[in-house]
Amino acid sequence: SYKAQIKRIFRTALTDTPWLLEQAKQFAKETRYRAALVESERYIGAGKYEAVHKTIERLQSFDFPDGVQWRNLPKYDDFPPRKVEWLVEGLVPAESIIALSGDEGVGKTIFALWLARSLTEGTDFLGRRVIQTPVLYLGPDVSQINLQSYVGAMRWEPNKGFRIMAMWTGDEMQPPMLDDPAQVERLYTLAEEKHPFIIVDTLRDLFAGEENSSTDTKPVMDAVRKARAKGATIMFISHPPKSGGSIIRGTGNIPQKVDIPYLMEKDKWRGKDVVVLSCPKKNRFGSPHFRLPMRQLFIPTPAGLRLLVTEVADWKPTNEWKQKEANADVIQYVKDHPGTNQNDIQRALKMGDRSVKKALWAAKNDGQLKAMKEKRKELR
């Protein structure tokens with residue numbers, strides 16, 4: 001009988017029945033046990049007792065929430081209001097995901113290292129206030145010679161707040177692959193303990209899957225978001241696609257999870273090279289018309305090359321640059337308002353007929369836009 005089995009298993013006197021019933025009630029309240037018993041029922045009926053054992057063992061290891069009810073859910077006012085904390089004023093918000101995209105050779109790594117220096121030393125970055133923050137540089141593809149030559153040209157002696165993980169930093173100190181749950185746990189631990197600024201140079205080098213597959217990139221972006229939730233600020237370096245409206249190469253779920261997508265491009269100003277950091281797409285912390293013009297100068301000196309990064313305060317966008325921004329605005333508007341027409345675009349964006357026409361033609365030629373009945377425009 002039921003009581004006989006209980007007595008034999010627990011060697012408990014039958015006079016302790018109330019205690020046993022209380023234990024059984026507590027057992028039944030445990031969601032994980034209840035789920036295990038429900039799932040095991042079909043195996044019991046089939047006489048597959050080994051499967052019952054494995055099912056209970058598996059489900060007991062899961063962390064099911066117990067007693068989740070509406071009244072126990074967090075309320076809005078349980079959490080005091082938070083203001084944006086800027087690691088670099090107006091440029092890098094704390095606990096954010098930033099993409100830094102640009103063509104090969106535009107100076108993304110130089111920019112990232114110059115930023116790392118300011119963060120670890122707590123010194124102004126191009127005239128912007130900085131909160132001193134530890135920096136972890138994940139550069140699987142950067143060579144030791146290149147990294148050390150950049151740091152040397154900057155006349156930088158990194159302090160204890162700067163750490164690196166590359167292919168050459170030792171077998172146990174390889175950069176964690178972001179699609180490997182076991183490896184990425186190390187990143188979560190660092191994020192929770194140090195709240196670091198993490199530079200990923202480049203994102204493509206830190207996962208094994210296909211960058212145009214949403215299935216392969218989802219665990220990567222989930223890992224980045226979890227590191228952010230644990231206190232890290234992540235900036236990953238990427239490249240723009242050869243065509244299309246995105247500024248980040250790969251499937252669409254990569255830019256969707258990014259808070260600020262920065263783009264670095266070369267430009268000319270008064271006959272000299274300028275690198276412009278812009279935000280032509282969404283910006284969850286500010287204006288999508290952000291622009292930071294810089295010069296990255298390698299100056300010959302008797303002690304060797306000296307690297308300087310300075311802001312070009314008097315830079316003004318050329319007509320070509322303005323049209324490029326207009327193109328991005330039009331494409332974004334059409335994406336947000338499929339089926340719109342040219343007149344609607346002009347009124348909404350307060351643009352002239354000529355600028356809108358140029359933008360629509362550029363988007364159509366680039367394969368980003370198609371016309372319906374010669375008037376309606378929508379993204380492919």
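**Stop one: a helix and its pair**

Start with helix H5 (residues 108–121): arginine 117 and glutamate 121 sit 4 residues apart there, so about one helical turn separates them. Keep in mind that you're looking at a predicted model. Show both side chains and you'll find a salt bridge between arginine 117 and glutamate 121, with the closest N and O atoms 3.7 Å apart. Glutamate 121 is partly exposed, at 31% relative accessibility. What's behind a pairing like this? Side chains of opposite charge can pair when their charged atoms come close.

**Stop two: a link across the sequence**

Now select glutamate 192 and lysine 230, whose side chains meet in a salt bridge (3.7 Å, N to O). Glutamate 192 is in helix H7 (residues 181–194), while lysine 230 is in the loop between helix H8 (214–229) and strand S7 (233–238), so this pair ties together parts that are 38 residues apart in sequence. Lysine 230 is partly exposed, with a relative accessible area of 25%.

**Stop three: a network**

Next, pick Lys218, Asp222 and Arg225: salt bridges link them in a network. How many salt bridges does the structure hold? The count is 15.

Jump to leucine 73, in the loop between helix H4 (49–60) and strand S1 (86–88). Leucine 73 is partly exposed, at 38% relative accessible area.

Last, select lysine 75 and aspartate 78, whose side chains meet in a salt bridge (3.5 Å, N to O). Aspartate 78 counts as partly exposed, at 41% relative accessibility.

Key
Residues are numbered from 1 along each chain as its sequence is written. This is a predicted model: local features need pLDDT of at least 70, side-chain atom pairs count only at pLDDT 80 or more; totals for chains, interfaces and linings use all residues. Side-chain values use heavy atoms; hydrogens and water are left out. Helices (H or I, at least four residues) and strands (E, at least two) are DSSP runs, numbered from the N terminus. Buried means under 20% relative accessible area, exposed over 50%, partly exposed in between (1.4 Å probe, protein chains only). A salt bridge is a side-chain nitrogen of Lys or Arg within 4 Å of a carboxyl oxygen of Asp or Glu.
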